[in-house]
Amino acid sequence: MTVVIGFEGSANKIGIGIIRDGEVLSNPRRTYITPPGQGFMPSDTARHHRAVILTVLKEALEQAGLKPADIDCVAYTKGPGMGAPLVTVALVARTVAQLWGKPLLGVNHCIGHIEMGRLITKANNPTVLYVSGGNTQVIAYSERRYRIFGETIDIAVGNCLDRFARVIKISNDPSPGYNIEQMAKKGSHYVELPYTVKGMDVSFSGILSYIEEAAHKMLSSGQCTAEDLCFSLQETVFSMLVEITERAMAHCGSQEVLIVGGVGCNLRLQEMMEVMCKERGAKLFATDERFCIDNGAMIAQAGWEMFRSGQVTELEDSWITQRYRTDEVEVTWRD
Amino acid sequence: MATANMASTDGGANHETGKLEFNEKREFQRTVFSRRDGDWFLQNSLDVPFPSSREAAIALRSLSPDREPRKGGISKELTVSGSTLSLRWSADEARILRVSVNSFLDHLLLVVETMEMFGPPVSP
């Protein structure tokens, strides 16, 4: 039996999870929530993480009913993400690894999402759509790499949604994306927005600029409601994502789609992807907010795979990195 | 308990209880202006006592891997001698030095708190 503890804190969530051979023993998490209209800044987010990380670690051990001696490996997020929060989490991971005399393992955050999705859904070799506040990528596995078939050329889809939420002061609790999703259900009038698919890539910054510019005018003149804007934005950006995912499937001859990342728990996105999958006779795999949104167990799971295939990270190589592409990692645990 | 004011006041590790207490009178931090090729620059040093050399070594290895976010204008050196962790900064501007020292103290405090809650270290 191999037990891995995973530390995640690359953005505004801090989570610590414990995995024992594919079983999630515990996965507590805290979210740094800012007031409506405000995003989360690196130094404030790091301060939040510093204030709660040791409590979350205690919870993770207690809920799993484990002692430090029961753990085989300490995994943490090496990147990508915001520097200050990443350092905070890495410091605690390095310290406990030394206190407990356990090997350390630096994990790529994106790989964490993919491996957690594969574990929970049992998807074997899916085309992966990874959509969150910091990343938007269509990924397929080939020859020991998770290869990026398409991605955003500017901001992430979740960033586009979050920043739209700030413009019209939608609450960040529990998350701006969740609140947009609820409001969109009440929208009926479709406002045409720029649709920007460029080959296998997508772009969201122009859509954001357009809606930032237009929102207040349209709302004050009564041309549409905030709910209509939420609905229109979701329909537009999700259509773009479904289009590039479908094209990647055609390229790879794949019959499985896995959606991971924070935006992946949006049921409207899952519904639209399901329609496309049905038409192609393919199968859709998705998870709920426990595993889609950043969490510690996903780092533990990727760490478990890496550790079992013989990888460890020496302390002197355990620096964090804000940029760390999915295809930089050699996948030593798959054929 | 180690507190954030350890940088400016007095203290020392209580070797009897093994607790990270700072209660002896001693100088921890000193900042000096020096001249190098006619240009003024700042040097700052900080000594942090730990209950044992083992804990000082763990702190060193936890705090060392990440480089300064800023490319130039500052350098930082960490060393351990016995149970004392020593820091030396050299910076062109007080503003840059202050940011680095403040951030280091946040990191140090987190490492010390982690040791208090999840230590002591297992025997090697």
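**View 1. The contact between chain A and chain B in a predicted model.** In this predicted model, 22 residues of chain A are in contact, meaning heavy atoms within 4.5 Å, with 21 residues of chain B. About 1900 Å² is buried between chain A and chain B, and carbon and sulfur atoms give 68% of that area; buried area is the accessible area (1.4 Å probe) that two parts lose on being put together, summed over both.

**View 2. Salt bridges between the chains.** The count between chain A and chain B is 2 salt bridges, a salt bridge being a side-chain nitrogen of Lys or Arg within 4 Å of a carboxyl oxygen of Asp or Glu. D66(B) forms a salt bridge with R94(A), and their closest N and O atoms are 2.9 Å apart.

**View 3. Helices α4 and α5 of chain A.** Helix α4 (residues 157–167) and helix α5 (residues 176–184), both of chain A, pack with their axes 9 Å apart and at an angle of about 75 degrees, where helices are DSSP runs (H or I, at least four residues) numbered from the N terminus, and axes are lines fitted to C-alpha atoms over the stretch in contact, with angles running from 0 to 180 degrees between N-to-C directions. The two helices are therefore roughly perpendicular to each other, a term that covers angles of 65 to 115 degrees. From α4(A), the contact is made by L161(A), D162(A), F164(A) and A165(A), and from α5(A) by P176(A), G177(A) and I180(A).

**Notes.** Residues are numbered from 1 along each chain as its sequence is written, and chains are lettered from A in the order in which they are written. Local features need pLDDT of at least 70, side-chain atom pairs count only at pLDDT 80 or more, and totals for chains, interfaces and linings use all residues, while side-chain values use heavy atoms, with hydrogens and water left out.

Conventions: Parallel < 35°, antiparallel > 145°, perpendicular 65-115°, else oblique.
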